[in-house]
Amino acid sequence: MIAAFLTFILMLSIFLGFELINKVPATLHTPLMSGANAISGITLVGAVSLAGTGQQDLANWLGAGAVALATINVVGGYLVTDRMLAMFKKKGS
Amino acid sequence: MDNLIQFAYVVSAALFILGLKKLGSPATARRGNMISAIGMLVAVVAALLDQGIVEYQWIVAGILVGGAVGVAAARLVKMTSMPEMVALFNGFGGMASLLVGWAALSGGASTFTLVTIVLSILIGGMTFTGSLIAYGKLSETIGSGAVLFPGQQVVNSLIVAGIVGSAVMFCIEPSNHLWLYIVVALSLWFGIMAVIPIGGADMPVVISLLNSYSGLAACAAGFAVNNNILIVAGSLVGASGIILTQIMCKAMNRSLSNVLFSGFGSGKVETA
């Protein structure tokens, strides 16, 4: 039952993803890619609960590693995207 | 509390969608990125309220280390080197999904969960090594040309067969960790093999594609740990990434399948 529900969510967000990206100007391809990449660091949210179980087992360590890596993805991703877009603005004005 | 967390996830999903929408137009792009970042913040804060969390030191340590590396890398990178930096960040995201999938295994899992675990390991692993190769090619730490060798199609086909076989065995026999290690190793190897035959000029397309993969890996990890926001945001990135790849291919006069399967022979004509 949960599997069906989650697959339902998956299907809807795939359609939404397609709709969102149509007709984007070519200059924005790279920032858009970078911005979407930052969102894929959402794994951080899953990693956080694994890293905090308090049991000093393998899953805990894997979770902690995942938190560090996903944070690099999130923080770096958003900052790089912002730098790219800041450059665009200067050029345009 | 759990309800509150779930509603916070709904809010952050809405912010991601709004952010992506605004990223698509030059006037609002920067604000869009900000909105998406706020969505991420909301999701992470909500996740930290989870009652399954009993100690915070490893989470804090991970966030501090990752945050410091991320800030330093994003600030220090030269403007011209940004695409390869995106590739590198993307690879870390893929690796994180691999680790989350692996960690989810310890909870004792149903067959459906096992399938999603194997998918998150597989996609996450190939995203990681594929992104590292893309980074190496763009920064020219390794040769940027296409690497083609005789028998490449055979090798790649064998890897795919090996992945399918070991993934099936893993789902049948999850207690035997040998299958897990084989899946991890083969997925890492496959990422390398999938990207080396692609030449320097096609690299932006490949990074976009790998970005889409890392979204799918996050989505699979979301199924493995039963987390809605991972599924929603992951599939959003997966879908928007693949359509963006398609658009970029068209702009470069290449077909998507050509870039996708160049290691399987169809790209040879174009790589000259």
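Across the interface of chain B and chain A, 14 residue pairs, both members at pLDDT 80 or more, are in polar contact, a term that covers a pair of N or O atoms within 3.5 Å in which, within protein, one must be able to donate a hydrogen and the other to accept it, residues adjacent in sequence counting only if both atoms are side-chain atoms. This is a predicted model, in which local features need pLDDT of at least 70 and side-chain atom pairs count only at pLDDT 80 or more, whereas totals for chains, interfaces and linings use all residues. Residues are numbered from 1 along each chain as its sequence is written, chains are lettered from A and ligands numbered from 1 in the order in which they are written, and side-chain values use heavy atoms, with hydrogens and water left out.

**The side of chain B that touches chain A**

- Helices α1 (2–23), α2 (29–48), α3 (57–76), α4 (82–104), α8 (203–225) and α9 (228–251) of chain B each supply at least two residues to this side, helices being DSSP runs of H or I with at least four residues, numbered from the N terminus.
- The most comes from α9(B), with 17 residues.
- By class, this side of chain B has 55 nonpolar, 23 polar and five charged residues, where Ala, Val, Leu, Ile, Met, Phe, Trp, Tyr, Cys and Pro count as nonpolar, Asp, Glu, Lys and Arg as charged, and the others, Gly among them, as polar.

**Extent of the interface**

- The contact, meaning heavy atoms within 4.5 Å, takes 83 residues from chain B and 71 residues from chain A.
- Between them the two chains bury about 6900 Å², 79% of it on carbon and sulfur atoms; buried area is the accessible area (1.4 Å probe) lost on putting two parts together, summed over both.
- B:Arg30, B:Met40 and B:Trp58 supply 9% of the area that chain B buries against chain A, more than any other three residues.

**Salt bridge**

- A search of the whole structure finds one salt bridge over all chains, defined as a side-chain nitrogen of Lys or Arg within 4 Å of a carboxyl oxygen of Asp or Glu.
- It joins the side chains of B:Arg30 and A:Asp82 at 2.9 Å, N to O, and crosses from helix α2 of chain B to helix α4 (residues 58–92) of chain A.

**Confidence**

- Chain B has a mean pLDDT (the predictor's confidence in each residue, from 0 to 100) of 89, with 96% of its residues at 70 or more, while chain A averages 87, with 94% scoring at least 70.
- In chain B, confidence is lowest in helix α11 (residues 268–271), at a mean of 42, and highest in α2(B), at 95.
- Where pLDDT is low, the predicted coordinates should not be read in detail.
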